[in-house]
Amino acid sequence: MTGKDEAELSRLLRAAIAGDERAYADFLHRIAALVRGFVRRKIVQGGVDPEDVVQETLLAIHVKRHTWREDAPVLPWVYAIARFKLIDAFRRRGRRIEVELDEIAETFAEPEAETVSERDINRALDGLPPSQRSVVSSISVDGHSIGETAVKLGISETAVRVSLHRGLAAIAKRFGRQ
Amino acid sequence: MRTEDLIKALDADARNKAMPLGLAWWLAVGVAVAVAAMIFFMTIGPRPDIMPAMHTMRFMSKFVFTLALTASAFALIRALSMPGAASRRAKLWMLAAPALVGIAVILELFVVPEADWGRRLVGSNMMICMSFIPLIGIGPLAIFLGMLRYGAPTRPVLAGAVAGLLAGGLAATFYAAHCFDDSPLFVATWYTIAIAFLTALGALGGRFFVRW
């Protein structure tokens with residue numbers, strides 16, 4: 001990975017924080033691919049599904065994006081979160097690994113595509129209260145917008161936003177802990 | 001749920017914003033100072049001769065130590081609560097307060113006759129010192145641990161310990177205005193024990209309370 005990616009990703013996240021949703025989607029897609037490459041290279045034996053760690057990292061990046069300083073580089077921040085979540089995933093499965101602390105520079109990984117399987121995130125989603133679960137799955141799995149979800153469920157857009165926000169925060173919190 | 005689908009949900013939640021962590025830390029310190037001040041003035045308060053005491057080196061030196069600890073711990077805890085932030089320089093600054101105390105102790109040992117060392121070390125206030133520094137610091141510590149939850153410390157136990165040092169430095173600054181024992185020998189011993197207690201408590205809090 002190069003300085004150009006760093007500059008581009010910082011720009012996207014700054015724009016996202018300023019309210020640009022397309023920049024945010026773009027940012028998240030790129031970060032997902034990078035983190036996937038990073039995690040797959042770190043998980044050499046089975047036991048931990050890389051995609052679970054990718055999703056947990058994305059959730060953490062989302063709910064903790066106020067911890068990024070806009071004048072700081074974004075990739076060290078992303079990889080620090082990914083490494084933390086990876087170690088956490090191993091620890092939950094009773095394994096001990098060493099993820100070298102000084103390796104960040106070399107681990108700027110190649111982007112990789114997703115593989116499909118049963119996910120930890122589904123268990124976390126199933127544990128949500130029904131109102132939050134229906135909002136989160138309407139927007140994610142069914143791909144509806146906030147407005148469409150509001151019409152479909154017969155609630156206000158504000159209520160949709162609140163349920164979505166709380167639902168995502170709850171998923172991030174209970175990810176892999178049940 | 002595919003990662004693609006998750007990104008749709010995160011994107012739809014993009015407008016929901018939280019206060020930047022750096023700003024939140026300043027607010028938290030403001031609240032913590034207010035809490036510590038309230039407990040301090042409601043309980044022991046400053047010593048009655050504080051005005052003349054302010055003209056003595058030993059009295060004022062206590063604030064140099066405690067403020068050095070508070071400032072360096074504040075810088076370090078902010079770095080530790082932001083993933084990927086450089087913390088090496090802030091860690092080095094943590095040596096400032098112990099170094100200043102060390103120098104003051106050596107000077108004190110030169111200036112004060114050996115027969116007086118014991119009396120100065122034991123002082124007259126050590127039980128009050130060891131109970132009131134933790135008492136004043138416990139509220140701020142809770143606030144700082146809450147801030148660590150709001151942040152994203154990748155080393156929660158270390159960050160919790162630094163939260164204890166920060167709370168300890170803050171509490172010791174207030175307590176120093178009450179205490180009659182101004183000798184560096186007293187400060188180096190009893191303040192350190194009291195702050196170490198808060199540090200251990202903070203590390204425990206980091207281990208069990210700071211999850212994200």
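## Exercises on a predicted two-chain model

The contact between the chains draws 41 residues from chain A and 29 residues from chain B, where two residues are in contact if their C-beta atoms, placed from the backbone, lie within 7 Å. This is a predicted model, in which local features need pLDDT of at least 70, side-chain atom pairs count only at pLDDT 80 or more, and totals for chains, interfaces and linings use all residues. Residues are numbered from 1 along each chain as its sequence is written, while chains are lettered from A and ligands numbered from 1 in the order in which they are written.

**Exercise 1.** Describe the side of chain A that touches chain B.

Step 1: start with the helices. H2 (21-42), H3 (50-63), H4 (74-92), H6 (120-126), H7 (130-139) and H9 (157-174) of chain A each supply at least two residues of that side. Helices (H or I, at least four residues) and strands (E, at least two) are DSSP runs, numbered from the N terminus.

Step 2: sort the residues by class. The side of chain A that touches chain B has 24 nonpolar, 10 polar and seven charged residues. Here Ala, Val, Leu, Ile, Met, Phe, Trp, Tyr, Cys and Pro count as nonpolar, Asp, Glu, Lys and Arg as charged, and the others, Gly among them, as polar.

**Exercise 2.** Work out how the two domains of chain A meet.

Step 1: count the contact. In chain A, 11 residues of domain 1 are in contact with 10 residues of domain 2.

Step 2: find the source. On the domain 1 side, H3 and H4 of chain A each supply at least two residues, and the largest share, eight residues, comes from H3(A).

Step 3: classify. That domain 1 side holds four nonpolar, three polar and four charged residues.

**Exercise 3.** Characterise the packing of H7(A) against H8(A).

Step 1: take the geometry. The axes of H7(A) and H8 (residues 146-153) of chain A come within 10 Å and cross at roughly 135°. Axes are lines fitted to C-alpha atoms, for helices over the stretch in contact, and angles run from 0 to 180 degrees between N-to-C directions.

Step 2: name the arrangement. H7(A) and H8(A) are therefore oblique to each other, since angles under 35 degrees count as roughly parallel, over 145 as roughly antiparallel, 65 to 115 as roughly perpendicular and the rest as oblique.

Step 3: identify the residues. Ser134(A), Val135(A), Ser138(A) and Ile139(A) in H7(A) meet Thr149(A), Lys152(A) and Leu153(A) in H8(A). This contact divides into three nonpolar, three polar and one charged residue.
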